[in-house]
There are 2 protein chains.
Amino acid sequence: MNSSRNKANERIASLRSMLCVGLDSDPAKIPALFQSMQHPVQEFNRAVIRATRDHAAAYKVNTAFYESRGLAGMRDLEETLQALPPECLSIADAKRADIGNTSRQYAKAFFEAWPFDAITVAPYMGFDSLEPFFEYEDKLVFVLCLTSNPGSRDFEERIVEDGRPLYRSVLERVSAWQRNGNAGVVVGATKPGLLQELRRDAPDLFFLIPGVGAQGGSMQEAVSHGADPEGRSAVVNVSRALIFPDGEFSSVEQFEAAVNREAGKLHESMIGML
Amino acid sequence: MNSSRNKANERIASLRSMLCVGLDSDPAKIPALFQSMQHPVQEFNRAVIRATRDHAAAYKVNTAFYESRGLAGMRDLEETLQALPPECLSIADAKRADIGNTSRQYAKAFFEAWPFDAITVAPYMGFDSLEPFFEYEDKLVFVLCLTSNPGSRDFEERIVEDGRPLYRSVLERVSAWQRNGNAGVVVGATKPGLLQELRRDAPDLFFLIPGVGAQGGSMQEAVSHGADPEGRSAVVNVSRALIFPDGEFSSVEQFEAAVNREAGKLHESMIGML
């Protein structure tokens, strides 16, 4: 059995939470009190992790917010990965993929150099661009399927020869390409009806569901429509609405308390459902 | 006018070369003589740059081969970017894209933190995932269209509602979305007939053409089918077949001579065509 998938499902079951904390740690948005520290983003992330640890099944590190600051940002990414709780699924939200010999290097980057449990990848270039990720049988590979943004209309939702949208083809192919249960898909919470339909037709895939909070999706709908028949195999990501709570904070403790309250509320909304 | 596009076109015209040198600098493949140096990849790249500078219109840095070695690799990427000749187009072959606020961070990474002239991006998530890149009016944004790998069949070539393959929709949308002539597409040299067709129907786009050399495409076909009617606005990438010449090398000079010979041959094959 796939150890990353098992870890995630054990955590979901024991905590009764599908919360994935999205560390989209934009330096321009992190509270002023962290700005004077030597490593603002690292300290901010550590505070968020402490504040959410009892409620989170997974953490998702969005590589863009680290690459945007060059080497200093990549150091923050590395430190953040090391600070993630080992009982939670760690996801590199990297949206990578290229021809085979290049994807092999990306897989090495996010499964070895930075040893995440899981990665997000883009399907456009097809099988040989994804195969190097699937070769890691104890990792989880989340392929973009139906995303939460308006642009999903432009290509993902185009109707192909079989009369169905392209993202349905992605779903089917990914199911066929996985090894040892290591495939997942990214399906946005902003389209709950379609989420339900895709989950029904792919009971064996792990779902990463973004779009709750700032993008407008509902946590309860994401959980009820995204979980598999056993109430497992899905995590629901919340980033901005959780890690940037409203208000001014005069201490790290005060900030953590605010994030902890938000995480607690999100957790509570799921407990009865799992 | 777009300054990156102008720079590339002036270089193509003055040199009569569309050669793009792909720095897919896999440490496992670089000659033994570099391995004992303090920064093997940096020294290897500097040697390749010296050996190709008189023949190259562009350099493409494939981010995967740097990320795969974590922070040390990213330092090599940064040093390599600084060593690129300013008269050549510098391309971050990054294949990024995500929802808008995240793509904004990726654009910042590869246009500001690491100031490349151009980037490759993936279209799957649609307009708002590409818009933040197009907002940089003096850069070039190469959107994956019809790639050189076998997996292009899986999704890129699927027939959509209008009876044509998905990649044709990508081509048209990208033409419409660009600003200030800053859009390009990635079209593989492994399908020369289709390359010719796409170039004919998108005379205003800049073409980045991979697939020559190790992947089997021909340089001459790529140039004759990929150039615009003025013999401009395309670069043809060669990576492995150029930077990893056969043979054993006992000195950097010897290695550079071998790479220089290859680059000269590629250049010569184009001069009469441009």
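**Exercise 1.** State where B:Asn180 is found in chain B.

*Solution.* Start with the elements: helices (H or I, at least four residues) and strands (E, at least two) are DSSP runs, numbered from the N terminus. B:Asn180 sits in the loop between α8 (166–177) and β6 (183–187) of chain B. This is a predicted model, where local features need pLDDT of at least 70, side-chain atom pairs count only at pLDDT 80 or more, and totals for chains, interfaces and linings use all residues. Residues are numbered from 1 along each chain as its sequence is written, chains are lettered from A and ligands numbered from 1 in the order in which they are written, and side-chain values use heavy atoms, with hydrogens and water left out.

**Exercise 2.** Describe the phi of B:Asn180.

*Solution.* Take the general rule. Most residues other than glycine have a negative phi. Now the residue. B:Asn180 is not a glycine, yet its phi is positive, about 60°.

**Exercise 3.** Is B:Asn180 buried, partly exposed or exposed?

*Solution.* Use the cut-offs: buried is under 20% relative accessible area, exposed is over 50%, and partly exposed is in between (1.4 Å probe, protein chains only). B:Asn180 has a relative accessible area of 35%, so it is partly exposed.

**Exercise 4.** Place A:Asn180 in chain A and give its phi.

*Solution.* First, the place. A:Asn180 lies in the loop between α8 (166–177) and β6 (183–187) of chain A. Next, the angle. Phi of A:Asn180 is positive, near 60°.

**Exercise 5.** How many helices and strands does chain A have, and what share of its residues is buried?

*Solution.* Count the elements. Chain A has twelve helices and eight strands. Then take the share. Of its 274 residues, 64% count as buried.
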